[in-house]
Each structure stands twice: as structure tokens, then as C-alpha cells.
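This report sets out the architecture of a single chain.

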Amino acid sequence: MSARSGQQFIDHLKATPRDVWINGEQVQDVTTHPAFSASVEQLAKLYDMQVAKETEDQTTYIVPETGERAGLAFMPAMNTADLTKKREGYLLWAQQNFGLMGRSPDFLNCSLLAFWEARELAGKNGPEFPERIAKYYEYVRDNDLFLSHALLSPQNDRSKPSSEQAELHMRVVKETDEGIYISGGRMIATLGPVSDEMLMYSLPGLRPGDEDHALMFAVPTNSNGLRQICREPYTLAGQKSDFDHPLSNRFEENDSLLIFDNCFVPWDRVFIYRDVQLSNEYYITSSLRNHTAHQTNTRALVKMQFAVGVAMEVARSMGADAFLHVQSMLGESLNHIEFLKSGLLHSEVACEATQVGTVRPLLGPLQALRTYLPTAYPRVVEIIQTIAAGGFMMMPSGADFLADELKEDTQRFYSGANISSLDRARLFKLAWDLSGEAFGTRALQYERYYAGDPMRTRAMNYMGADDVEPKRLVNAALALAGDPEPAKR
Ligand SMILES: Cc1cc2nc3c(=O)[nH]c(=O)nc-3n(C[C@H](O)[C@H](O)[C@H](O)COP(=O)(O)OP(=O)(O)OC[C@H]3O[C@@H](n4cnc5c(N)ncnc54)[C@H](O)[C@@H]3O)c2cc1C
């Protein structure tokens, strides 16, 4: 099979009913349910770009072994030019949703590529494990399946390891000749309800004693014994007007808690089994962070450009950009865009070889961006809020513009600096959706946490630091100091 169209994506979801709950209700069809239909439509648009003549070359590549097209994120890169091509593909998809859909299919497609590149590591568990990873990569690539994942144990008691709250956390509970059985919870699967498969692995940090939790495997989302309970939706299709909620009406990605209850996983879908060291090591040693950070920083670049654009337009719409401190805040925001562009280019130009002779983008600049965005993006949101100030609360709803009795007032009192009332209200509604609504707050929380706790990631940067040049410079300066001796006159 070749790269899928949107309709093929939707048809597969319809053919695989899953156990999904939202607002106390079991969902019959995720493609038509008002909590999910908008995100399904947005994902379908991305898939359609893979089969449209104008965009197929930017979003797919031809797999040499099959002669068929596959999503570009699956493509192993051989040089900087390939990495640049991949970034341009990520960029094109992210632009369709203003960078607001963090878990578009390219995110986990490139994760699976990283696992494939590092598959020999899994040989520590047995000679059959690397081959299983290779087969699964080919299966997902050739069927163009949409993966979701949930890397963390549920937030129950973070002071204890999983082994001390085992009944709550995802673990293996039984092993047979055919496979293993999984029970327990995992958080959080963004777009999990509308995914085709769950790829389950862990962030590093498992400890000796956590063997039952140290697993990597994949299961179809409609597996028996896999339930998803979703957070409350921020909007339901048709409930709120597009004028008032242009972003949340389209780009909300629901998140779910996964609950496994004796869910069967055949051996050919088990990739790491009861190995704490390997589970921790795979995350660090494979190119997982390189590839995903390349994709996510590209997406974040679009989101940053969009947010900064909103901040500038809000300021201009009320003449606030005439003030020095507002100009300074906008200038500060524009810097973030340049840092993102520079780090992405640096990671491609200074790419390095992987275990199998392909290349991966350099991790250093990408990790720096990943740990910088959790403060940079919230800062830009704060700047939007600071500039718009009470203007957000002054805005009526779109319906007020339709009321005949209010026409004169709505046309007069909401106007701004060289902008009509209607255009100014439209802009402020957009800005509030991005920076004030539950949707916007989640979009902020996403940048803060989607790649793990930034505090611990920064600490990891330090622990694995390349400190050769900083040390050399300090030693050179210390050599100038030499040993104590009387002052020279
Ligand atoms: C919008 C959104 C979407 C997401 N989507 C996904 C997804 O699709 N798939 C996925 O796998 N994950 C997803 N994540 C989850 C994300 O990986 C986690 O939120 C992140 O790793 C932080 O973990 P936590 O939320 O459990 O916080 P915790 O680890 O519980 O941390 C809570 C607080 O306690 C502190 N803390 C806790 N434990 C320690 C410790 N051991 N040492 C020091 N400090 C500690 C933290 O610093 C933090 O302040 C998403 C997160 C968000 C916000």
C-alpha cells in the first residue's frame, strides 16, 4: 500500500471501533463525534496532501524497496539535503494548522524511524528483537498508520517508583508462548482516540525493580482490553461560532488516559521486554530525540511565527506599537523566531552518522531549543495578553454584529487604529482563542511539557554536556594566572 489519503484514514478509523469515553459517554464513531470530528478533518487534510499532485513530492518519498510512496518522516536521511527536505515537509504540514497540532502523524513516524535505525540495540533482549522492530517499521510505513503514544505512568505518587504502585501503572501481568498481557494506566495519549496504533515505550528514569514496567511494544488502538478516558473537550463541533473561536473549533487535539486491562500483545509486537537498562538506554542512545526534536522544533517555529504575528497585529490594531516598551517586547518575541531557524539549520548542517550509516540532525541545538521553548512560548503568550490588556474583555461576540439594533454601535465603538470594528473584533477573538481560552492554555501547557519536564531535561543536558571547549578556555585563562608570586612593579 502507498501513502494514504484523508478518506482512507477516515475509513480505517470507522472500520476499527475503539473503547473511547468522553463526558461520561462511550463514543460510537470517533470520525463523527463532535469532540473529535474537527481533528479528524484536520488530519485528513494532511493525509490528502500526500496524494495531491502539487504536494506529494513535498510530503512523501518513494521507498526504494517497494517502489511505493510513504510519508516523508519515515525516510532515512543520507545527508544534510535530505534533512532539509524533511524539515520542509514538516513545515508544510505544520503551516496547515499554524503549528497548533503537536501530534500530527510525522511526530511518531520519525520516532519509529529512530527505533528502526537503532534496532540492533534491542538485540540485547534476544536476536529476534531487531527484526521485529524492522518489520513493524515497514508495516506502519507501508500501511501509513497513525500512531499515538503515552510515555508516562499516571500522575499518582511521583515520590515512589512504579514498582511501589504497580497495580496503577502499565506493566506485564502474564506471559504465554503467544505473547504478553498488559494491565495498568499510562498518560497521556494526545490524539489517542483517533489513532490507529499505540506505540508504547518509556521516558528514561525506570529503576531496578521496575522490570515489569520496562517494555516497548505496539498494539492496535481497537485492541480488546485497551480503554481511553478523555479529558473534557474544550469545544464541540457546531457548538461555538468560527468567528468567536476560529482556532479551538478546528485544531483541538484531545488527550486521553490509557487503561490496559489484560490487553494481549503478540510477541512480534514486543520490542523491549522487562529490561530497565535497555529501556532507559534506547531513549538516550537511539536517534529518537534528534528526529522528534527536528520535527517538533519545525512545528514550533510555525507556532512561534504565528503567535508573534498575532502579538504584532494586536499592537498595531490599537496603536500600541508606538510605545517603546511594546516595541521592545515585540523585538524580544521576534528573536525567538531567529533562534528556532538558526538551531534547525545548525542541526542539519552539523548532522552526524547513525548506527546504520544514515544521518541524524545534531542533538545539541535541538535540545537547546526544546528546553528554551517552555519559557519562550509562554512569554510570547504573556506579551499578547499584556498588549491586548482589557481589550479582550471589551469585545462582543460575533452574534452582536448581526443584531440590527446594535449595528450602529458595533460598527463604531470597536474600531481601532486604521482598522474597522469588525476586523478588530475578529483579530481580538483570534488572539483570545490563542492566549486566553482553554484551547490556548493547553497549547501553552503543551510547549511547557510535551517533551518531558524541561527542568529535568536541562539537567540531562548538563549531565551529558560536551564541555571540551568551555573547559579549554577556562584552563587557558587559568594558565595566565599561574601560581601566586609577589606583585610585579
Ligand atoms: C498538552 C500535553 C500533551 C501531551 N501529550 C503527550 C503525548 O501525546 N504522549 C506522551 O507520552 N506524553 C504527552 N504529554 C505528557 C508529557 O510527557 C508530560 O506532561 C511531561 O513528561 C511531564 O510529566 P508529568 O506531566 O507527569 O509531570 P510530573 O513528572 O508529575 O511533574 C509534576 C511536577 O513535579 C516535579 N517532579 C515530578 N517528579 C519529579 C522528579 N522525579 N524529580 C524532580 N521533579 C519532579 C516536576 O518538575 C513538575 O513540576 C503531554 C503533556 C501535555 C501538557
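## Overall dimensions and packing

Of the 489 residues in the chain, 45% count as buried. The coordinates are those of a predicted model. Among contacts between residues at least 6 apart in sequence, 76% join residues at least 24 apart.

The chain contains 17 helices and 14 strands. Its radius of gyration is 25 Å, close to the 23 Å that the globule rule gives for 489 residues, so the chain is as compact as a globular protein of that length. The C-alpha trace spans about 90 × 75 × 50 Å along its principal axes.

## Domains and their contact

According to the domain assignment, the chain comprises domain 1 (6-282) and domain 2 (287-465). Taken over C-alpha atoms, the centres of domain 1 and domain 2 are separated by 25 Å.

Across the boundary, 37 residues of domain 1 are in contact with 37 residues of domain 2. On the side of domain 1 that touches domain 2, the elements giving two or more residues are helix 4 (80-96) and helix 5 (105-117). Helix 4 supplies the largest share of that side, eight residues. By class, the side of domain 1 that touches domain 2 has 20 nonpolar, eleven polar and six charged residues.

Four strands form an open sheet with mixed pairing, in the order 5-8-9-12. Strand 5 (147-148) and strand 12 (270-273) are the edge strands, each pairing on one side only. In general, strands of a sheet pair through backbone hydrogen bonds, in either a parallel or an antiparallel manner.

Strand 9 (residues 215-220) pairs with strand 12 in the antiparallel sense, over three bridges. Leu215 stands opposite Tyr273 of strand 12. Helix 6 (residues 128-143) lies across strand 5, strand 8 (197-200), strand 9 and strand 12. Relative to strand 12, helix 6 runs at about 140°.

Met394 belongs to helix 12 (residues 391-394). Why is Met394 classed as partly exposed? There are 13 other C-beta atoms within 10 Å of Met394, and the residue is therefore partly exposed, because a residue counts as exposed at 12 or fewer such atoms and as buried at 20 or more.

Met394 and Phe428 are 34 residues apart in sequence. In space, the C-alpha to C-alpha distance between Met394 and Phe428 is 9.6 Å.

Terms used: Residues are numbered from 1 along each chain as its sequence is written. This is a predicted model: local features need pLDDT of at least 70, side-chain atom pairs count only at pLDDT 80 or more; totals for chains, interfaces and linings use all residues. Two strands pair if DSSP finds at least two bridges between them. Two residues are in contact if their C-beta atoms, placed from the backbone, lie within 7 Å. Axes are lines fitted to C-alpha atoms, for helices over the stretch in contact, and angles run from 0 to 180 degrees between N-to-C directions. Domain bounds come from an automatic or database domain assignment. Ala, Val, Leu, Ile, Met, Phe, Trp, Tyr, Cys and Pro count as nonpolar, Asp, Glu, Lys and Arg as charged, and the others, Gly among them, as polar. The radius of gyration is taken over C-alpha atoms; the globule rule is 2.2 Å times the number of residues to the power 0.38.
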